[in-house]
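Q: Could we go through this structure together? I would like to begin with the overall fold and then turn to one helix pair.

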Amino acid sequence: MKRKSLLLLLVLCAPSAGHAGDIDSGKLTAIRGIRTAAAEAALVVQLKQQGRVTDTYAEEMKDDAKEELESLRKQVQQKNPDLLSITQAAIDATGASDIGRLRAITNQLLAMEGPHGRAD
Amino acid sequence: MGGLIEITLGIMTAVGGFVDVSEMVFAAQAGSRFIFSLIWVFAIGTIAMGIFGEMSGRVAAITKQPVFNLMRQRLDLGPGIIALIGSVVTSLITCAAEIGGTATVLKYLTGWPYPLLAGLTTLALVLVIWALPFKWIERLFGLLGLLMLVFAVSTVKIHPDWGGVARGFIPQAPVTLPMKDLVTYGYFVVAIISAVLFPYETYFYSSGGVEEEWKPKDVTVNKLVATVGFGLGSLLAISILVNAAVLFRPVHVDPSVIGTSALQAAIPFGKTGLLLALLGMVFAFSGAAVETGLSSAYSLSQFLGWEWGRLKKPHEAPRFTIAWVATFALSLVIVLTGIQPLDLVEWAVVLSIVVLPATYLPLILIANDRKYMNQYVNGPISNTLGWVFYAMICVAAVAALPLYFVTQGGKL
């Protein structure tokens, strides 16, 4: 019974500990948060340009994405300062409705994420 | 004919009221992150919900007692009080999440400030509950929630890989994933089970049965509503998952705000689709807020032996009335603290699964007890499935908190 509990504990702790050369959990969470906020903003701006969403919806969604990115910026400032510049770039690109820049940031962050979360 | 209309309305209400803010969030994130591989969890959760929902309705029709009365009779005082506190706290947090979700969607429609919309939403819900009879409260939100069907129509329009969707119904664990993602997958399994089986749904459904004075002759209608209605409602949640896999995953969006899901209707149908989706979300979330607000008051009143029921005038059941009004007031306070609705959803889902075993154990025991149920006691299929699903809920309850902390609420 004790051995089983220990095994379960090890399995549950494994993601936090990470593997050699692997990205740590806190940083991975931050990268994913920034990536999805940037990708959402890009999608909203694209659909607004195509006339598929209302102006009010697009503006509010952009505000939400910026708010999320601002909160992530505070987070990375303390724990992962190497992500600070890309977070700021995502905030600026969202404000400027710059789809190209937002997509480039998304792809850059995806490359940093590596193979995680893609259940193909 | 009247019976047929009653059944149709009951089923439609169950469909429209099935998806709430937590199901919408987890379905969209599940599809975006794990494609179709979590569909089976919605399917199994829905069968469990159908079994327990039918059981609670049948028990209400035969014994004239809702779930929390039975809990008081079947559990010792200690476990009963723990279940009561857990249920009231989770209902409160869920109610706040639904009000926050409704206000957020209204913000996308109007552009008005979020705190103002949260206040107006709460006021409107309190007035609706105060003014309308129980059946019409249920139908108003359930039927208008059917606007959410635009998500199912979108699924047909975007032509997903139907073979892949069908394979998603087969229980599976994507063992090829890195360990971190496998654990996150485990968290999503637990969270979806919890979101589908939220305890407030059973409290509300069985209390509604008592309020509407169901009789043994209503057992068949109850069975149809619980199985067909919840089943079709679940297909709506699955369509949100499928849409997310097809529309969001290729552009690397794991929905992080509530409004993103509405894009599933905007992409194929433009502004009309967007507006239908947003309005459907408003009614679905606010309907869930009504259910959770009342559930909290039902649980408290039934456990403590107070007069309760929406059929009674407020002065005839004063403590019940104060309880549901206070639930809405406290929910609004929680929303106005600035906690994001998505964070509230995650807490509600994790706390709910911990409370679920205490909710369903007395229900199965009573539904199996001939002394209470006579010939309406559980049949062998219902009984076996009931215990199997109960075991599943217990395992999920044990795993919920460790998975939540390890995966940082599924964000890992």
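Predicted model: local features only at pLDDT ≥ 70, side-chain atom pairs only at ≥ 80, totals over all residues.

Q: How does its radius of gyration sit against the globule rule?
A: The radius of gyration of chain B is 20 Å, close to the 22 Å that the globule rule gives for 412 residues, so chain B is as compact as a globular protein of that length.

Q: And the spans along the principal axes of chain B, what are they?
A: The C-alpha trace of chain B spans about 55 × 50 × 45 Å along those axes.

Q: What percentage of chain B counts as buried?
A: Of its 412 residues, 58% count as buried. As for contacts in chain B between residues at least 6 apart in sequence, 86% join residues at least 24 apart.

Q: Changing topic: at what angle do H10(B) and H17(B) cross?
A: The axes of H10 (residues 179-196) and H17 (residues 380-406) of chain B cross at roughly 130 degrees and come within 9 Å. The two helices are therefore oblique to each other.

Q: Left-handed or right-handed crossing?
A: H10(B) passes H17(B) in a left-handed crossing.

Q: Which residues meet there?
A: On the H10(B) side, B:Val183, B:Gly186, B:Tyr187, B:Val190, B:Ile193 and B:Ser194 take part. They meet B:Ala396, B:Ala399, B:Ala400, B:Leu403, B:Tyr404 and B:Val406 in H17(B).

Q: What is that contact like by class?
A: The contact of H10(B) with H17(B) has 10 nonpolar residues, 2 polar residues and no charged residues.

How values were computed
Residues numbered from 1 in each chain as written. Chains lettered and ligands numbered in written order. Axes fitted to C-alpha atoms, helices over the stretch in contact; angles between N-to-C directions. Helix = DSSP H or I, 4+ residues; strand = E, 2+ residues; numbered from the N terminus. Parallel < 35°, antiparallel > 145°, perpendicular 65-115°, else oblique. Left-handed = near helix turned anticlockwise from the far one by under 90°. Contact = placed C-beta atoms within 7 Å. Nonpolar A, V, L, I, M, F, W, Y, C, P; charged D, E, K, R; others polar. Rg over C-alpha atoms; globule rule 2.2 N^0.38 Å. Buried ≥ 20, exposed ≤ 12 C-beta atoms within 10 Å, placed from the backbone.
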